[in-house]
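Below are some notes to go with the entry you sent. They are set out as numbered points, to be read alongside the sequence and the coordinates.

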Amino acid sequence: MVTSSTVPRLVIAAPSSGSGKTTVATGLMAAFAERGLAVSPHKAGPDYIDPGYHALATGRPGRNLDAFMCGPELVAPLFAHGAAGCDLAVVEGVMGLYDGAAGRGELASTAQVAKLLRAPVVLVVDASSQSRSVAALVHGFASFDPQVRLGGVILNKVGSDRHEVMLREALEEAGMPVLGVLRRAPQVATPSRHLGLVPVAERRADALASVAALADQVRAGCDLDALLALARSAPALACEPWSPEAAALPHPAPSRNRALPGPGPYGRPLIAVAGGPAFTFSYAEHAELLRAAGADVVTFDPLKDEALPPGTAGLVIGGGFPEVYAPELSENAPLRAAVAAFAAAGGPVAAECAGLLYLARSLDGKPMCGVLDADARMSERLTLGYREAVAVSDSPLAAAGTRLRGHEFHRTLVEPAAGPAPAWGFTHPERRVEGFVQGGVHASYLHTHWAAQPSVASRFAAAAAGFAAAGR
């Protein structure tokens with residue numbers, strides 16, 4: 001049933017990456033949460049790291065809105081699902097306001113997400129090297145697409161009182177409200193790696209302090225009342241909220257002659273999901289879909305836990321930065337052996353990117369699980385971008401011929417790049433095969449969003465149920 005979402009909402013955008021979107025978005029989330037508002041955090045694009053900081057700021061799961069991987073038609077429903085019952089939603093954009101999937105026009109851009117959500121946009125401008133020219137810059141962004149409603153500007157990295165006056169005068173001439181002014185504040189800077197921040201799980205205490213400092217900075221420099229009023233001006237959003245229960249198909253019940261192992265009720269297989277500092281990349285909807293498909297989901301830490309959770313019938317090993325923790329992962333020989341034994345017994349395993357590296361024979365010369373006849377190493381080359389893919393081989397994750405869209409983001413190489421039964425064939429932007437399917441294992445570099453293809457979760461839960469029912 002189509003309903004109207006009236007959750008007040010803002011999209012935080014910028015002319016380019018590095019302007020301060022994450023600073024402002026995270027600071028706003030935390031500042032409004034401190035006011036007692038239930039704030040729903042969202043991130044445009046495939047990024048896994050920023051949502052971790054958003055979750056710290058709000059106490060709610062950070063959720064992604066990716067029009068390439070999930071399709072434009074799912075952006076509003078996924079938003080309505082995540083924001084249900086909240087007082088305010090803040091959406092952090094990706095790259096520059098109008099930057100999207102290469103060669104695809106506005107697809108997956110912050111501007112497209114803002115239009116799909118009918119949300120006003122706040123432009124964060126790095127004003128460190130300009131004065132009156134800021135008006136020309138903002139005018140261009142405001143007029144480029146009349147369907148994008150630019151509601152105001154937050155000026156970042158302002159150098160002095162005099163600098164602020166010149167910027168405000170220029171924007172007043174352009175008729176653009178200034179909703180905040182932030183001075184340079186290196187004390188709230190957060191460390192970066194590759195193209196993003198260091199994940200929260202790797203620096204939780206420091207991350208909490210950073211988020212608190214961001215809230216202080218935004219509270220002091222921004223007009224929170226004006227920003228909230230702008231958010232409340234967003235019109236009603238007519239859409240049916242996405243539902244994992246409606247999207248997922250429950251797995252077939254196993255034979256009633258055998259109760260399933262694990263802590264869940266009868267008929268619910270246990271799926272273990274790798275977590276901890278080495279495996280931080282996960283979309284909240286994946287666990288929701290697995291539960292809706294009839295599984296119980298628990299998290300374990302490959303850096304600390306020496307065994308898989310009792311009764312594990314399915315194993316999900318997502319992305320992260322295992323290369324940073326290769327020595328510690330290698331030292332946990334009991335867990336590596338347990339993972340290898342589970343895979344050898346035919347247990348269903350879904351591994352993405354970091355999970356692929358962990359299943360390899362070695363990573364930078366350090367022994368890993370040895371499930372795959374391949375070796376991984378760090379590389380100077382960054383592989384980054386959206387992909388269109390088709391499943392080459394049948395697996396517990398996808399039937400051969402299944403088409404979906406995903407995202408690659410890594411600075412490592414696996415040799416060979418594909419096994420005798422590859423996981424995916426990429427059809428755009430390049431044609432190649434990639435990944436490994438063997439037994440119950442599906443391992444690949446490709447990050448996917450299961451909300452776009454809920455059958456993935458249902459199929460995996462069914463495979464876990466079958467493995468558990470067989471008593472293996």
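Is Phe68 buried or exposed? Phe68 counts as buried, at 2% relative accessibility. The model is a predicted one, and the points below should be read with that in mind.

1. Phe68 and its ring partner. Phe68 is paired with Tyr386 in a stacked arrangement, with 4.3 Å from centre to centre and 25° between the planes. The two residues are 318 places apart and the pair links distant parts of the chain: Phe68 sits in the loop between strand E4 (63-65) and helix H3 (72-83), and Tyr386 in strand E18 (residues 375-391). Tyr386 is buried as well, with a relative accessible area of 16%.

2. Tyr98 is buried at a relative accessible area of 19%, and Phe141 is buried at 16%. The count of aromatic pairs comes to eight. One aromatic cluster is made up of Tyr48, Phe281, Tyr283 and Phe321.

3. Nonpolar core. The largest nonpolar core has 154 residues, and the members that touch the most others are Leu117, Leu155, Leu227 and Leu359. Beyond its neighbours within four places in sequence, Leu359 contacts residues that include Ile317, Val339, Val349, Ala351, Val441 and Ala443. The run Cys369, Gly370, Val371 and Leu372 is also in contact with Leu359.

4. Salt bridges around Arg219. There are 23 salt bridges by count. In one of them, Glu34 and Arg219 meet through their side chains at 2.2 Å, N to O. Glu34 belongs to helix H1 (residues 21-34) and Arg219 to helix H7 (residues 204-221), so this pair ties together parts that are 185 residues apart in sequence. Arg219 is partly exposed, with a relative accessible area of 36%. Arg219 also has a salt bridge to Asp216, at 2.9 Å, N to O. Those two residues are three apart in helix H7, which means that about one helical turn separates them. Asp216 is partly exposed, at 42% relative accessible area.

5. The network at Arg183. Salt bridges with shared partners join Asp161, Glu164, Arg168 and Arg183 into one network. Within it, Arg183 and Glu164 form a salt bridge whose closest N and O atoms are 2.9 Å apart. Arg183 lies in strand E8 (residues 178-183) and Glu164 in helix H6 (residues 161-174), so the link spans 19 residues and joins distant parts of the chain. Arg183 is partly exposed at 31% relative accessibility, whereas Glu164 is buried at 19%. A polar contact of 2.7 Å runs from the side chain of Arg183 to that of Asp161.

6. Surroundings of Arg183. What else does Arg183 touch, not counting residues up to four places away in sequence? Besides Asp161 and Glu164, the list holds Lys157, Val158, Ser160 and Gln217. Lys157 is 26 residues from Arg183 in sequence, and their C-alpha atoms are 4.8 Å apart.

7. Cysteines. A search of the whole structure for disulfides returns zero. For Cys86, the nearest cysteine sulfur is that of Cys239, 14 Å away. Cys86 is buried, with a relative accessible area of 9%. For Cys353, the nearest cysteine sulfur belongs to Cys369 and is 15 Å away. Cys353 is buried too, at 5% relative accessible area.

8. Helix H10 and strand E13. In helix H10 (residues 284-292), the buried residues are Glu285, His286, Glu288, Leu289, Leu290 and Ala292. Gly294 follows H10 and has a positive phi, near 105°. Asp296 is in strand E13 (residues 296-300). Asp296 is buried, with a relative accessible area of 18%, and its side chain makes a polar contact of 2.9 Å with the side chain of Arg268.

Key
Residues numbered from 1 in each chain as written. Predicted model: local features only at pLDDT ≥ 70, side-chain atom pairs only at ≥ 80, totals over all residues. Heavy atoms only, no water. Core = buried A, V, L, I, M, F, W, Y, C linked by side-chain atoms within 4.5 Å. Buried < 20%, exposed > 50% of the residue type's maximum accessible area, 1.4 Å probe, protein only. Contact = heavy atoms within 4.5 Å. Helix = DSSP H or I, 4+ residues; strand = E, 2+ residues; numbered from the N terminus. Polar contact = N/O pair within 3.5 Å; in protein donor to acceptor, adjacent residues only side chain to side chain. Salt bridge = Lys/Arg side-chain N within 4 Å of Asp/Glu carboxyl O. Disulfide = S-S within 2.5 Å. Phe/Tyr/Trp six-rings, centres within 6.5 Å; stacked < 30°, edge-to-face > 60°.
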